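Colleague: I'd like to learn how to read a model like this one, feature by feature. Could you walk me through it?

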Amino acid sequence: MHARTLLLAVAATLSTAPFAVMAKTESTARFCETQYSKECQGAVSPSQILERFKQGNERFASGHGTHRNYSQQVKETAKGQFPLASIVSCIDSRAPAELILDQGIGDVFNARVAGNVINEDILGSLEFASKVAGAKLIVVMGHTSCGAVKGACDNVQLGNLTGLLAKIQPAVAAVPSKTGADRSSKNHEFVEQVAEANVRQNVQLIRDRSPILKEMEDKGEIKIVGAMYDVASGKVSWYE
Ligand SMILES: [Zn+2]
């Protein structure tokens, strides 16, 4: 082949190859390995980030999580952060969001509070994360067998915990009574129904109490979704 023809053939291959790859794995093709720049953050959409988390949890739950070089990621993110998302999740020791979703240093903002409740400080943190720092997805992630949810079901009163559990009471009230069914933490089905209601209500609460985030969602700049982590299986269910 003539040298120039060969060059053109190579150029043609190079110019079409990335599109072929993107068509196959569009949701992950443009992610940087580490979120070290605004370009990395800007290259992906809220839906693609959600898909990345879904795939990350599948890797985690199947025992095939990514082996990351954390020291390298520390170096790469030292000068700034460009996270993809914010996750509001419970303090439960069995529910560490980054591990569950197979994410690394610099990938997500993580707000952990018992019962993954929403208050002004959490809202302020989420507004900073999305409006100032550019995170495009907000996940409210509850988990099964949540002690805070159980405490709310049992109307536990204990110091400052009382006020926190009061924030879960609307979810307790939202789950309809089955005739004769126990509405305490002894009823596992009831506890999980309250946990789901709590996540769904908190997703809505973010929209209702943060005009900033509501506007960003309405414009398609961010997505706000709920999720439930199963502490027995390692799998996340998504509420979209
Ligand atoms: Zn919990």
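Colleague: Among the contacts in the chain with a separation of 6 or more, what share do residues 24 or more positions apart account for?

Modeller: Two residues are in contact if their C-beta atoms, placed from the backbone, lie within 7 Å. Here, residues 24 or more positions apart account for 70% of the contacts with a separation of 6 or more. Do keep in mind that this is a predicted model, where local features need pLDDT of at least 70, side-chain atom pairs count only at pLDDT 80 or more, and totals for chains, interfaces and linings use all residues. Residues are numbered from 1 along each chain as its sequence is written.

Colleague: What is the mean pLDDT of the chain, and where does pLDDT stay under 50?

Modeller: pLDDT is the predictor's confidence in each residue, from 0 to 100. Its mean over the chain is 90, and 88% of the residues reach 70 or more. It stays under 50 over residues 1-26, a stretch with 3 contacts beyond four places in sequence.

Colleague: How many helices and strands does the chain have, and what is the order of the strands in the sheet?

Modeller: Helices (H or I, at least four residues) and strands (E, at least two) are DSSP runs, numbered from the N terminus. This chain has 11 helices and 5 strands. Two strands pair if DSSP finds at least two bridges between them. The open sheet of 5 strands runs in the order 2-1-3-4-5, with mixed pairing. Strand 2 (108-112) and strand 5 (236-239) are its edges, each pairing on one side only.

Colleague: Which helix packs on the sheet?

Modeller: Helix 3 (residues 46-61) does, touching strand 1, strand 3, strand 4 (223-229) and strand 5. Its direction makes about 10 degrees with that of strand 4; axes are lines fitted to C-alpha atoms, for helices over the stretch in contact, and angles run from 0 to 180 degrees between N-to-C directions.

Colleague: Which residues have the most contacts inside the largest nonpolar core?

Modeller: In soluble globular proteins, nonpolar side chains tend to be buried together. A nonpolar core is a set of buried Ala, Val, Leu, Ile, Met, Phe, Trp, Tyr and Cys residues joined through C-beta atoms within 7 Å. The largest has 53 residues, and Ala85, Leu137, Val149 and Val194 have the most contacts inside it. Helix 10 (residues 188-209) gives the most to this core, with 7 residues. Beyond four places in sequence, the contacts of Ala85 include Ile49, Val108 and Leu137.

Colleague: And Glu58, which helix does it lie in?

Modeller: Glu58 lies in helix 3. Glu58 is partly exposed, because 15 other C-beta atoms lie within 10 Å.

How values were computed
Buried ≥ 20, exposed ≤ 12 C-beta atoms within 10 Å, placed from the backbone.
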